[in-house]
Amino acid sequence: STKSQHIHIIANRIGFDGKAHSDSNIHLKAHESADKLAKERGFHTAKEITQMKRAMTLDLRKEINQAYTQCKNQSVSMDDFERLMSEKGYDVKMSINKQGKTQGFRINERQTGQSFKASEIGSNVRLVDLTKSIETNRKTIEEAKKILQTPKIANKLPKDLMKQIPKNVTIPLNVALEVVKTSKTITKEI
């Protein structure tokens, strides 16, 4: 399943004496044995390869992280987030578990074909944070709509701000943020 050169080792946990060796912590013992064999033969260990890959993709992961943060802060839906990321050259693929629930996502950089799990991009790149940000952005727009329906406040909003609000169309998030911020100042004055 990997394109990298690798070795398969077939081992039997039944000794020559016919007794079974303990399989407790077998995964740790397998890692230890693989590392020992790799070092003896002058190969890179799995841990070293992972560290090299992380170092080689550091700049790309930083770029993706910046794009993620910008798109997350502007999105009002998951579709919106995916569209904004796509415009920046990244494809977002949701990870669905066996129960059919979204449990995370991957981001694929189209130019190089590199693909990363969200957690590989940065500790701040998480589905729960993305979902919260989208919900916050959506609530901000709803709050701005309510403010605009309150003539006592809406009539005192700056005219240049009011010109940015499209008629019969969803309010852009940046405008909604400004409406909410400005209305708080107006409300204090009333």
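## Helix packing: α6 and α9

The crossing of α6 and α9 is left-handed (the near helix is turned anticlockwise from the far one by less than a right angle). Helix α6 spans residues 127-148 and helix α9 residues 173-189; they pack at about 55°, with axes 8 Å apart.

From α6, the contact takes in Asn137, Thr140, Ile141, Glu143, Ala144, Ile147 and Leu148. They meet Leu173, Ala176, Leu177, Val179, Val180, Ser183 and Lys184 in α9. Contact means heavy atoms within 4.5 Å. The residues divide into nine nonpolar, three polar and two charged.

## Model basis

This is a predicted model: local features need pLDDT of at least 70, side-chain atom pairs count only at pLDDT 80 or more, and totals for chains, interfaces and linings use all residues. Numbering runs from 1 along each chain as its sequence is written, and side-chain values use heavy atoms, leaving out hydrogens and water.

## Largest pocket

The largest pocket holds about 1,200 Å³ of space. A pocket is an open set of points on a 1 Å grid where a 1.4 Å probe fits, with protein on both sides within 12 Å along at least five of seven lines; lining residues have an atom within 4 Å of a point.

Its lining has 30 residues, with Ile7, Ile9, Ala30, Ala34 and Asp35 nearest the centre. Helix α1 gives the largest share, 10 residues. By class, the lining has 11 nonpolar, 14 polar and five charged residues.

Key: Points joined across faces, edges and corners; volume = space filled by probe spheres on them. Helix = DSSP H or I, 4+ residues; strand = E, 2+ residues; numbered from the N terminus. Nonpolar A, V, L, I, M, F, W, Y, C, P; charged D, E, K, R; others polar. Axes fitted to C-alpha atoms, helices over the stretch in contact; angles between N-to-C directions.
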